[in-house]
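Please keep the sequence and the structure in view while reading.

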2 protein chains.
Amino acid sequence: MNFSSKLLEKAVDEIAQLPGIGKRTALRLALHLLRRPKSQTLQLTGALEDLVEKVNHCQQCHNLSDTPVCEICSNPKRNPKIVCVVEDIRDVMAIENTAQFQGHYHVLGGKISPIEGIGPHNLTIDSLINKVNQGSIEELIFATSSTIEGDTTNFYIFKQLEGLPVTISTIARGISVGDELEYTDEITLGRSIINRIPFENSLNQS
Amino acid sequence: MNFSSKLLEKAVDEIAQLPGIGKRTALRLALHLLRRPKSQTLQLTGALEDLVEKVNHCQQCHNLSDTPVCEICSNPKRNPKIVCVVEDIRDVMAIENTAQFQGHYHVLGGKISPIEGIGPHNLTIDSLINKVNQGSIEELIFATSSTIEGDTTNFYIFKQLEGLPVTISTIARGISVGDELEYTDEITLGRSIINRIPFENSLNQS
(Lines give C-alpha, C1' and ligand atoms only; values in the text may rest on other atoms or scores of the structure.)
Protein backbone atom coordinates (compact mmCIF):
# COMPACT_ATOMS: atom_id res chain seq x y z
CA MET A 1 0.00 0.00 0.00
CA ASN A 2 1.07 3.52 -0.86
CA PHE A 3 0.43 5.78 2.13
CA SER A 4 0.39 9.57 1.91
CA SER A 5 0.87 9.74 5.70
CA LYS A 6 3.64 7.92 7.58
CA LEU A 7 1.63 8.19 10.81
CA LEU A 8 -1.35 6.52 9.14
CA GLU A 9 0.95 3.79 7.82
CA LYS A 10 2.40 3.21 11.30
CA ALA A 11 -1.10 3.01 12.85
CA VAL A 12 -2.26 0.56 10.16
CA ASP A 13 0.84 -1.61 10.70
CA GLU A 14 0.20 -1.74 14.45
CA ILE A 15 -3.51 -2.53 14.08
CA ALA A 16 -2.75 -5.25 11.50
CA GLN A 17 -0.63 -7.09 14.09
CA LEU A 18 -3.79 -8.01 15.99
CA PRO A 19 -5.06 -11.54 15.31
CA GLY A 20 -7.61 -11.86 12.51
CA ILE A 21 -7.10 -8.30 11.26
CA GLY A 22 -5.46 -7.82 7.86
CA LYS A 23 -4.05 -4.66 6.28
CA ARG A 24 -7.31 -3.69 4.57
CA THR A 25 -9.39 -4.02 7.73
CA ALA A 26 -6.69 -2.13 9.65
CA LEU A 27 -6.90 0.73 7.14
CA ARG A 28 -10.70 0.77 7.41
CA LEU A 29 -10.43 0.95 11.22
CA ALA A 30 -7.77 3.69 11.11
CA LEU A 31 -9.90 5.82 8.75
CA HIS A 32 -12.86 5.26 11.08
CA LEU A 33 -10.78 6.57 14.01
CA LEU A 34 -9.99 9.69 11.97
CA ARG A 35 -13.66 10.33 11.24
CA ARG A 36 -14.99 10.02 14.79
CA PRO A 37 -14.30 12.53 17.61
CA LYS A 38 -10.70 12.49 18.85
CA SER A 39 -11.83 12.04 22.48
CA GLN A 40 -13.35 8.63 21.70
CA THR A 41 -10.05 7.33 20.40
CA LEU A 42 -8.20 8.72 23.41
CA GLN A 43 -10.69 6.83 25.61
CA LEU A 44 -9.90 3.67 23.63
CA THR A 45 -6.13 4.08 23.98
CA GLY A 46 -6.48 4.95 27.68
CA ALA A 47 -8.52 1.80 28.27
CA LEU A 48 -5.95 -0.34 26.43
CA GLU A 49 -3.08 1.18 28.43
CA ASP A 50 -4.91 0.58 31.71
CA LEU A 51 -5.60 -2.98 30.56
CA VAL A 52 -1.96 -3.90 30.04
CA GLU A 53 -0.58 -1.78 32.90
CA LYS A 54 -3.01 -2.49 35.72
CA VAL A 55 -4.83 -5.79 35.18
CA ASN A 56 -3.12 -8.72 36.89
CA HIS A 57 -3.86 -12.30 37.86
CA CYS A 58 -5.63 -13.21 41.11
CA GLN A 59 -3.07 -14.70 43.51
CA GLN A 60 -5.46 -17.51 44.41
CA CYS A 61 -7.29 -18.58 41.26
CA HIS A 62 -5.18 -16.93 38.49
CA ASN A 63 -8.29 -15.31 37.00
CA LEU A 64 -7.82 -11.77 35.65
CA SER A 65 -8.44 -9.20 38.36
CA ASP A 66 -7.94 -5.51 39.13
CA THR A 67 -7.07 -6.38 42.74
CA PRO A 68 -4.50 -8.87 44.15
CA VAL A 69 -7.34 -11.26 45.05
CA CYS A 70 -10.29 -11.36 42.64
CA GLU A 71 -13.95 -10.61 43.45
CA ILE A 72 -14.93 -14.28 43.39
CA CYS A 73 -12.13 -15.46 45.73
CA SER A 74 -12.76 -12.60 48.15
CA ASN A 75 -16.56 -13.05 48.22
CA PRO A 76 -17.45 -14.51 51.67
CA LYS A 77 -20.71 -15.97 50.29
CA ARG A 78 -18.85 -18.37 47.99
CA ASN A 79 -17.62 -21.81 49.05
CA PRO A 80 -13.81 -22.11 48.79
CA LYS A 81 -13.98 -25.89 49.40
CA ILE A 82 -15.40 -26.59 45.93
CA VAL A 83 -13.05 -25.54 43.11
CA CYS A 84 -13.92 -25.61 39.42
CA VAL A 85 -10.83 -26.12 37.20
CA VAL A 86 -11.06 -24.28 33.86
CA GLU A 87 -8.64 -23.42 31.05
CA ASP A 88 -9.36 -19.80 30.50
CA ILE A 89 -10.96 -16.66 31.88
CA ARG A 90 -13.67 -17.01 29.21
CA ASP A 91 -14.71 -20.32 30.76
CA VAL A 92 -15.11 -18.58 34.14
CA MET A 93 -17.35 -16.01 32.46
CA ALA A 94 -19.41 -18.74 30.78
CA ILE A 95 -19.96 -20.64 34.04
CA GLU A 96 -20.70 -17.45 36.00
CA ASN A 97 -23.40 -16.65 33.42
CA THR A 98 -25.22 -19.86 34.37
CA ALA A 99 -25.51 -18.69 38.03
CA GLN A 100 -25.40 -22.42 38.98
CA PHE A 101 -22.00 -22.51 40.69
CA GLN A 102 -21.17 -20.93 44.03
CA GLY A 103 -17.65 -22.27 44.60
CA HIS A 104 -14.23 -20.95 43.62
CA TYR A 105 -12.33 -21.35 40.34
CA HIS A 106 -8.82 -22.31 39.33
CA VAL A 107 -7.72 -20.97 35.93
CA LEU A 108 -5.07 -23.20 34.35
CA GLY A 109 -4.13 -20.74 31.61
CA GLY A 110 -4.50 -23.33 28.84
CA LYS A 111 -4.33 -27.09 28.41
CA ILE A 112 -1.49 -29.57 27.97
CA SER A 113 -0.74 -29.67 24.24
CA PRO A 114 2.58 -31.19 23.10
CA ILE A 115 1.88 -30.02 19.52
CA GLU A 116 1.79 -26.38 20.64
CA GLY A 117 4.67 -26.97 23.06
CA ILE A 118 2.54 -26.46 26.18
CA GLY A 119 3.52 -28.77 29.03
CA PRO A 120 2.19 -29.02 32.61
CA HIS A 121 4.78 -26.48 33.79
CA ASN A 122 3.47 -23.77 31.47
CA LEU A 123 0.13 -23.98 33.29
CA THR A 124 -0.84 -23.24 36.89
CA ILE A 125 -1.08 -26.95 37.79
CA ASP A 126 1.64 -26.75 40.49
CA SER A 127 -0.27 -24.01 42.26
CA LEU A 128 -3.46 -26.12 42.13
CA ILE A 129 -1.67 -29.14 43.61
CA ASN A 130 -0.24 -26.95 46.38
CA LYS A 131 -3.73 -25.72 47.23
CA VAL A 132 -5.05 -29.29 47.41
CA ASN A 133 -2.04 -30.34 49.52
CA GLN A 134 -2.92 -27.68 52.06
CA GLY A 135 -6.09 -29.70 52.68
CA SER A 136 -8.71 -26.96 52.40
CA ILE A 137 -10.32 -28.23 49.17
CA GLU A 138 -13.02 -30.94 49.33
CA GLU A 139 -14.01 -31.22 45.69
CA LEU A 140 -12.38 -30.40 42.35
CA ILE A 141 -14.67 -30.15 39.31
CA PHE A 142 -12.90 -30.48 35.95
CA ALA A 143 -14.54 -28.16 33.41
CA THR A 144 -11.96 -28.22 30.61
CA SER A 145 -12.91 -28.54 26.97
CA SER A 146 -14.08 -31.91 25.71
CA THR A 147 -11.02 -32.53 23.52
CA ILE A 148 -8.01 -34.84 23.68
CA GLU A 149 -5.94 -31.99 25.17
CA GLY A 150 -8.61 -31.23 27.77
CA ASP A 151 -8.88 -34.91 28.73
CA THR A 152 -5.07 -35.22 28.90
CA THR A 153 -4.89 -32.21 31.22
CA ASN A 154 -7.59 -33.66 33.47
CA PHE A 155 -5.86 -37.04 33.59
CA TYR A 156 -2.46 -35.48 34.41
CA ILE A 157 -3.93 -33.51 37.34
CA PHE A 158 -5.88 -36.60 38.47
CA LYS A 159 -2.65 -38.67 38.60
CA GLN A 160 -0.81 -35.94 40.52
CA LEU A 161 -3.52 -35.90 43.15
CA GLU A 162 -3.77 -39.68 43.65
CA GLY A 163 -4.05 -40.60 47.32
CA LEU A 164 -5.01 -37.09 48.48
CA PRO A 165 -8.36 -36.77 50.28
CA VAL A 166 -10.18 -34.80 47.56
CA THR A 167 -13.23 -35.72 45.49
CA ILE A 168 -12.66 -35.21 41.78
CA SER A 169 -15.60 -34.87 39.41
CA THR A 170 -16.05 -33.68 35.85
CA ILE A 171 -18.93 -31.72 34.33
CA ALA A 172 -21.48 -33.88 32.51
CA ARG A 173 -21.05 -34.49 28.78
CA GLY A 174 -24.35 -35.21 27.09
CA ILE A 175 -26.98 -33.96 24.71
CA SER A 176 -27.36 -30.18 24.71
CA VAL A 177 -30.68 -28.86 25.96
CA GLY A 178 -32.88 -28.33 22.89
CA ASP A 179 -30.93 -30.76 20.64
CA GLU A 180 -32.62 -33.49 18.62
CA LEU A 181 -31.41 -37.03 19.22
CA GLU A 182 -30.95 -37.97 15.57
CA TYR A 183 -28.46 -35.14 14.93
CA THR A 184 -26.30 -35.84 18.00
CA ASP A 185 -22.92 -37.46 17.30
CA GLU A 186 -22.63 -41.09 18.43
CA ILE A 187 -19.87 -40.52 21.01
CA THR A 188 -21.87 -37.88 22.86
CA LEU A 189 -25.03 -40.01 22.63
CA GLY A 190 -23.16 -43.11 23.83
CA ARG A 191 -21.73 -41.25 26.83
CA SER A 192 -25.12 -39.83 27.67
CA ILE A 193 -26.54 -43.38 27.89
CA ILE A 194 -23.67 -44.66 30.04
CA ASN A 195 -23.93 -41.66 32.35
CA ARG A 196 -27.71 -41.74 32.67
CA ILE A 197 -29.18 -40.20 35.83
CA PRO A 198 -32.27 -41.07 37.90
CA PHE A 199 -35.29 -39.43 36.28
CA GLU A 200 -36.31 -37.80 39.56
CA ASN A 201 -33.00 -35.90 39.55
CA SER A 202 -33.76 -34.35 36.19
CA LEU A 203 -37.01 -32.86 37.46
CA ASN A 204 -36.93 -29.40 38.98
CA GLN A 205 -33.72 -28.50 37.10
CA SER A 206 -34.21 -25.13 35.53
CA MET B 1 -20.84 -10.96 29.95
CA ASN B 2 -19.67 -11.32 33.52
CA PHE B 3 -16.25 -9.69 33.87
CA SER B 4 -13.96 -10.34 36.81
CA SER B 5 -12.03 -7.16 35.93
CA LYS B 6 -13.65 -3.76 35.40
CA LEU B 7 -10.61 -2.61 33.43
CA LEU B 8 -10.98 -5.56 31.07
CA GLU B 9 -14.69 -4.78 30.70
CA LYS B 10 -13.91 -1.15 29.87
CA ALA B 11 -11.30 -2.16 27.27
CA VAL B 12 -13.71 -4.65 25.67
CA ASP B 13 -16.47 -2.00 25.55
CA GLU B 14 -14.14 0.46 23.83
CA ILE B 15 -12.83 -2.09 21.30
CA ALA B 16 -16.39 -3.24 20.52
CA GLN B 17 -17.29 0.30 19.40
CA LEU B 18 -15.10 -0.13 16.32
CA PRO B 19 -17.04 -1.03 13.15
CA GLY B 20 -17.39 -4.75 12.45
CA ILE B 21 -16.09 -5.80 15.88
CA GLY B 22 -18.55 -7.43 18.29
CA LYS B 23 -18.18 -8.12 22.00
CA ARG B 24 -16.74 -11.61 21.53
CA THR B 25 -14.09 -10.47 19.07
CA ALA B 26 -13.30 -7.53 21.36
CA LEU B 27 -12.74 -9.91 24.28
CA ARG B 28 -10.51 -12.13 22.11
CA LEU B 29 -8.46 -9.07 21.11
CA ALA B 30 -8.21 -7.79 24.71
CA LEU B 31 -7.00 -11.20 25.95
CA HIS B 32 -4.47 -11.24 23.11
CA LEU B 33 -3.16 -7.84 24.26
CA LEU B 34 -2.72 -9.26 27.77
CA ARG B 35 -0.73 -12.23 26.48
CA ARG B 36 1.75 -10.34 24.32
CA PRO B 37 4.53 -8.06 25.65
CA LYS B 38 3.23 -4.81 27.19
CA SER B 39 5.55 -2.70 25.02
CA GLN B 40 3.79 -3.85 21.82
CA THR B 41 0.46 -2.59 23.09
CA LEU B 42 2.00 0.72 24.17
CA GLN B 43 3.35 1.05 20.61
CA LEU B 44 -0.17 0.43 19.29
CA THR B 45 -1.77 3.02 21.57
CA GLY B 46 1.01 5.51 20.79
CA ALA B 47 0.45 5.05 17.06
CA LEU B 48 -3.32 5.54 17.46
CA GLU B 49 -2.81 8.70 19.52
CA ASP B 50 -0.38 10.12 16.95
CA LEU B 51 -2.91 9.24 14.25
CA VAL B 52 -5.76 11.26 15.72
CA GLU B 53 -3.57 14.06 17.14
CA LYS B 54 -1.16 14.73 14.29
CA VAL B 55 -2.58 13.56 10.95
CA ASN B 56 -4.44 16.30 9.08
CA HIS B 57 -5.76 17.00 5.61
CA CYS B 58 -3.59 18.47 2.85
CA GLN B 59 -4.59 22.10 2.31
CA GLN B 60 -4.59 21.63 -1.45
CA CYS B 61 -6.02 18.18 -2.21
CA HIS B 62 -7.65 17.20 1.15
CA ASN B 63 -5.74 13.92 1.17
CA LEU B 64 -4.51 12.74 4.59
CA SER B 65 -1.05 14.11 5.30
CA ASP B 66 1.45 14.57 8.13
CA THR B 67 2.43 17.99 6.71
CA PRO B 68 0.22 20.99 5.76
CA VAL B 69 0.74 20.14 2.06
CA CYS B 70 0.96 16.45 1.18
CA GLU B 71 3.86 14.66 -0.53
CA ILE B 72 2.02 14.43 -3.85
CA CYS B 73 1.04 18.13 -4.00
CA SER B 74 4.55 19.24 -2.98
CA ASN B 75 6.34 16.93 -5.42
CA PRO B 76 7.80 19.18 -8.20
CA LYS B 77 7.89 16.23 -10.64
CA ARG B 78 4.11 15.95 -10.68
CA ASN B 79 1.85 17.95 -12.99
CA PRO B 80 -0.57 20.22 -11.04
CA LYS B 81 -2.52 21.03 -14.21
CA ILE B 82 -4.12 17.57 -14.34
CA VAL B 83 -6.28 16.76 -11.31
CA CYS B 84 -7.90 13.41 -10.60
CA VAL B 85 -11.11 13.74 -8.55
CA VAL B 86 -11.67 10.84 -6.13
CA GLU B 87 -13.99 10.12 -3.21
CA ASP B 88 -11.59 8.80 -0.65
CA ILE B 89 -7.96 8.46 0.39
CA ARG B 90 -8.20 4.74 -0.45
CA ASP B 91 -8.88 5.67 -4.07
CA VAL B 92 -5.70 7.77 -4.10
CA MET B 93 -3.77 4.76 -2.82
CA ALA B 94 -5.33 2.49 -5.47
CA ILE B 95 -4.43 4.88 -8.31
CA GLU B 96 -0.92 5.50 -6.93
CA ASN B 97 -0.38 1.73 -6.95
CA THR B 98 -0.90 1.68 -10.73
CA ALA B 99 2.00 4.16 -11.21
CA GLN B 100 0.10 5.40 -14.32
CA PHE B 101 -0.85 8.88 -13.11
CA GLN B 102 1.55 11.76 -12.57
CA GLY B 103 -0.89 14.60 -11.85
CA HIS B 104 -2.45 15.85 -8.62
CA TYR B 105 -5.55 14.61 -6.79
CA HIS B 106 -8.62 16.19 -5.26
CA VAL B 107 -10.24 14.12 -2.48
CA LEU B 108 -13.97 14.87 -2.19
CA GLY B 109 -14.42 13.09 1.14
CA GLY B 110 -17.39 11.05 -0.10
CA LYS B 111 -20.09 11.28 -2.74
CA ILE B 112 -23.44 13.03 -2.94
CA SER B 113 -25.97 10.69 -1.34
CA PRO B 114 -29.36 12.10 -0.30
CA ILE B 115 -30.21 8.79 1.43
CA GLU B 116 -27.23 9.14 3.77
CA GLY B 117 -27.84 12.88 4.09
CA ILE B 118 -24.64 13.85 2.27
CA GLY B 119 -25.07 16.92 0.08
CA PRO B 120 -22.55 18.86 -2.05
CA HIS B 121 -21.69 21.08 0.92
CA ASN B 122 -20.53 18.15 3.04
CA LEU B 123 -17.86 17.45 0.44
CA THR B 124 -14.87 19.50 -0.74
CA ILE B 125 -16.59 20.49 -4.01
CA ASP B 126 -16.45 24.24 -3.27
CA SER B 127 -12.70 24.05 -2.82
CA LEU B 128 -12.39 22.18 -6.16
CA ILE B 129 -14.46 24.80 -7.98
CA ASN B 130 -12.32 27.58 -6.44
CA LYS B 131 -9.19 25.86 -7.71
CA VAL B 132 -10.64 25.59 -11.23
CA ASN B 133 -11.79 29.23 -11.10
CA GLN B 134 -8.21 30.30 -10.39
CA GLY B 135 -7.45 28.96 -13.88
CA SER B 136 -4.43 26.78 -13.14
CA ILE B 137 -6.14 23.46 -13.91
CA GLU B 138 -6.29 22.21 -17.51
CA GLU B 139 -7.95 18.82 -17.03
CA LEU B 140 -10.14 17.22 -14.41
CA ILE B 141 -10.43 13.41 -14.43
CA PHE B 142 -13.45 12.01 -12.59
CA ALA B 143 -12.50 8.74 -10.87
CA THR B 144 -15.48 8.24 -8.56
CA SER B 145 -17.17 4.90 -8.10
CA SER B 146 -19.36 3.59 -10.88
CA THR B 147 -22.62 3.95 -8.95
CA ILE B 148 -25.62 6.27 -9.10
CA GLU B 149 -24.12 8.37 -6.28
CA GLY B 150 -20.77 8.57 -8.05
CA ASP B 151 -22.42 9.56 -11.33
CA THR B 152 -24.58 12.15 -9.53
CA THR B 153 -21.50 13.69 -7.92
CA ASN B 154 -19.71 13.88 -11.27
CA PHE B 155 -22.73 15.47 -12.93
CA TYR B 156 -23.12 18.04 -10.15
CA ILE B 157 -19.48 19.12 -10.45
CA PHE B 158 -19.74 19.12 -14.26
CA LYS B 159 -22.73 21.51 -14.11
CA GLN B 160 -20.95 23.80 -11.65
CA LEU B 161 -18.00 24.11 -14.01
CA GLU B 162 -19.99 24.78 -17.19
CA GLY B 163 -18.38 27.49 -19.27
CA LEU B 164 -15.03 27.37 -17.53
CA PRO B 165 -11.99 26.59 -19.71
CA VAL B 166 -11.26 23.11 -18.31
CA THR B 167 -11.32 19.70 -20.00
CA ILE B 168 -13.36 17.16 -18.03
CA SER B 169 -12.87 13.44 -18.58
CA THR B 170 -13.84 10.30 -16.72
CA ILE B 171 -11.87 7.09 -16.30
CA ALA B 172 -12.86 4.34 -18.75
CA ARG B 173 -15.52 1.84 -17.73
CA GLY B 174 -15.11 -1.45 -19.55
CA ILE B 175 -14.20 -5.08 -19.27
CA SER B 176 -11.61 -5.80 -16.58
CA VAL B 177 -8.28 -7.09 -17.83
CA GLY B 178 -8.44 -10.90 -17.62
CA ASP B 179 -12.27 -11.09 -17.69
CA GLU B 180 -14.17 -13.36 -20.05
CA LEU B 181 -16.76 -11.69 -22.28
CA GLU B 182 -19.62 -14.09 -21.52
CA TYR B 183 -19.52 -13.34 -17.79
CA THR B 184 -19.46 -9.54 -18.13
CA ASP B 185 -22.71 -7.75 -17.26
CA GLU B 186 -24.55 -6.22 -20.22
CA ILE B 187 -24.26 -2.59 -19.11
CA THR B 188 -20.48 -2.76 -18.81
CA LEU B 189 -20.25 -4.68 -22.10
CA GLY B 190 -22.55 -2.19 -23.83
CA ARG B 191 -20.52 0.77 -22.62
CA SER B 192 -17.30 -0.90 -23.69
CA ILE B 193 -18.63 -1.19 -27.26
CA ILE B 194 -19.84 2.44 -27.36
CA ASN B 195 -16.53 3.67 -25.97
CA ARG B 196 -14.34 1.53 -28.21
CA ILE B 197 -10.82 2.83 -28.88
CA PRO B 198 -8.54 2.59 -31.94
CA PHE B 199 -6.76 -0.76 -31.82
CA GLU B 200 -3.38 0.87 -32.21
CA ASN B 201 -3.96 2.75 -28.94
CA SER B 202 -4.43 -0.53 -27.05
CA LEU B 203 -1.02 -1.78 -28.13
CA ASN B 204 1.96 -0.99 -25.93
CA GLN B 205 -0.27 -0.54 -22.84
CA SER B 206 1.24 -2.51 -20.04
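How many residues does helix H6 of chain B have, and how far does H6(B) reach from its first C-alpha to its last? In this predicted model, helix H6(B) covers residues 148-160, which is 13 residues, and it reaches 18 Å between those two atoms, close to the 18 Å expected at 1.5 Å a residue.

Within H6(B), the residues Gly150(B), Thr153(B), Asn154(B) and Ile157(B) are buried. Seen down the axis of H6(B), its buried residues fall within an arc of 95°, so they line one face of the helix. On the other side of H6(B), by contrast, Ile148(B) and Phe155(B) are exposed. As for what lies against the buried face, the buried residues of H6(B) pack against strand S3 (79-86), helix H5 (125-133) and strand S5 (139-142) of chain B.

| Item | Value |
|---|---|
| Residues in contact | 52 of chain B with 52 of chain A |
| Buried area | about 5200 Å² |
| Share of that area from carbon and sulfur atoms | 68% |
| Salt bridges | 0 |
| Residue pairs in polar contact | 12 |

Of the area that chain B buries against chain A, Ser4(B), Leu7(B) and Val52(B) supply 12%, more than any other three residues. The side of chain B that touches chain A takes at least two residues from each of several elements, namely helices H1 (6-15), H2 (23-35), H3 (38-54) and H4 (89-98) and strand S2 (64-65) of chain B. The largest share of that side, 15 residues, comes from H3(B).

How values were computed: Residues are numbered from 1 along each chain as its sequence is written. Chains are lettered from A and ligands numbered from 1 in the order in which they are written. This is a predicted model: local features need pLDDT of at least 70, side-chain atom pairs count only at pLDDT 80 or more; totals for chains, interfaces and linings use all residues. Side-chain values use heavy atoms; hydrogens and water are left out. Helices (H or I, at least four residues) and strands (E, at least two) are DSSP runs, numbered from the N terminus. The expected span of a helix is 1.5 Å times one less than its number of residues. Buried means under 20% relative accessible area, exposed over 50%, partly exposed in between (1.4 Å probe, protein chains only). The arc is that of the directions from the helix axis to the C-beta atoms. Contact means heavy atoms within 4.5 Å. Buried area is the accessible area (1.4 Å probe) that two parts lose on being put together, summed over both. A salt bridge is a side-chain nitrogen of Lys or Arg within 4 Å of a carboxyl oxygen of Asp or Glu. A polar contact is a pair of N or O atoms within 3.5 Å; within protein, one must be able to donate a hydrogen and the other to accept it, and residues adjacent in sequence count only if both atoms are side-chain atoms.
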